[in-house]
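Q: Could you take me through how to read the fold, the packing and one residue of a protein model?

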Amino acid sequence: MFINTLFNGMSLTSIILLASLGLSITFGLMRVINMAHGEFLMIGAYTTYVVQMVFSKLVPEQFQSWYYIASIPTAFVVAFLFGSLLEKVVISRLYGREIDSLLATFGISLILQQLARSIFGTQGVNVKAPDFLFGGITIGNLTFSYNRLFIIFSVVMCIVIMWYIMYRSGFGKQMRAVMQNRNMAQCMGINSRRVDNLTFAIGSGIAGIAGCSISLLGSVDSTVGQSYIVYAFMVVVLGGVGNLKGSVIGACIIGFASIFAENYTSATIAKAIVLFIVILFLQKRPQGLFVVRTRELD
């Protein structure tokens, strides 16, 4: 029982972490409260459904199970392009105006949800798990499903890639420079507008991959991202904005606390307990677990 609950907590933590990674980076870099971030999960989930339908009609039957492998980069690219377009058209005009960005992105969230209803209908659509993700590993009385193990593996790969981008690549150095001191970074020749756009687009693309993952766990509809966006914001606040390590630890705290509390109480009480833990923690560390150090002139 304990091991099964632990595995479920790890699965939930993985999805919350994917949903919050992009949000943490974009909020830390641009100070934009993106209320439409959950809709990028929705875009990724619907993209997975569309790829599944394309494969079922155009690809020979013996290769149709590979639709899910193809849907992961496709979901990233589609969400990346949507994010890049949104940043250029709307977000770039709202830097430094956090309340305005909150209201504007909330409006965009409603527009994207209605667009999804107009295209796919009000009823949810189902993504069929590929053949290689059916079943699971049985150890004693416990069964670890392949689809949840695959999600955990995908999250680990995304963390490794994001770590490399942020801390080992040239673009990551530019990203962190703009995050620490935008004006000084511009003086050193860094194109902060390009960094802003690519960072926001990458964060959106990661949310698309998260949507691809959650499509395996249930029906996909226009509000599928709303179930995770509150958790994602709590991870950002708890872990500290713009910090990969903080996002991982914050997602672990919230994911495991939610599953264990729900296991012994109810879903509603579990959410209240998680919120209480976050509030209690922020009373001691209002800036989160980890703070990105900046070099600002007094």
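The dialogue below goes from the whole chain to a single side chain.

A: This is a predicted model, in which local features need pLDDT of at least 70 and side-chain atom pairs count only at pLDDT 80 or more, whereas totals for chains, interfaces and linings use all residues. Residues are numbered from 1 along each chain as its sequence is written, and side-chain values use heavy atoms, with hydrogens and water left out.

Q: How many helices and strands does the protein chain have?

A: Helices (H or I, at least four residues) and strands (E, at least two) are DSSP runs, numbered from the N terminus. The protein chain has 11 helices and two strands, in the sequence pattern α-α-α-α-β-β-α-α-α-α-α-α-α.

Q: What share of the residues of the protein chain is buried?

A: Buried means under 20% relative accessible area, exposed over 50% and partly exposed in between, with a 1.4 Å probe and protein chains only. Of the 298 residues in the protein chain, 48% count as buried.

Q: Is Thr47 buried or exposed?

A: Thr47, which lies in helix H2 (residues 37–58), counts as buried because its relative accessibility is 10%.

Q: Which residues does Thr47 touch?

A: A contact means heavy atoms within 4.5 Å. Leaving aside residues up to four places away in sequence, Thr47 touches Thr74, Ala75 and Val78.
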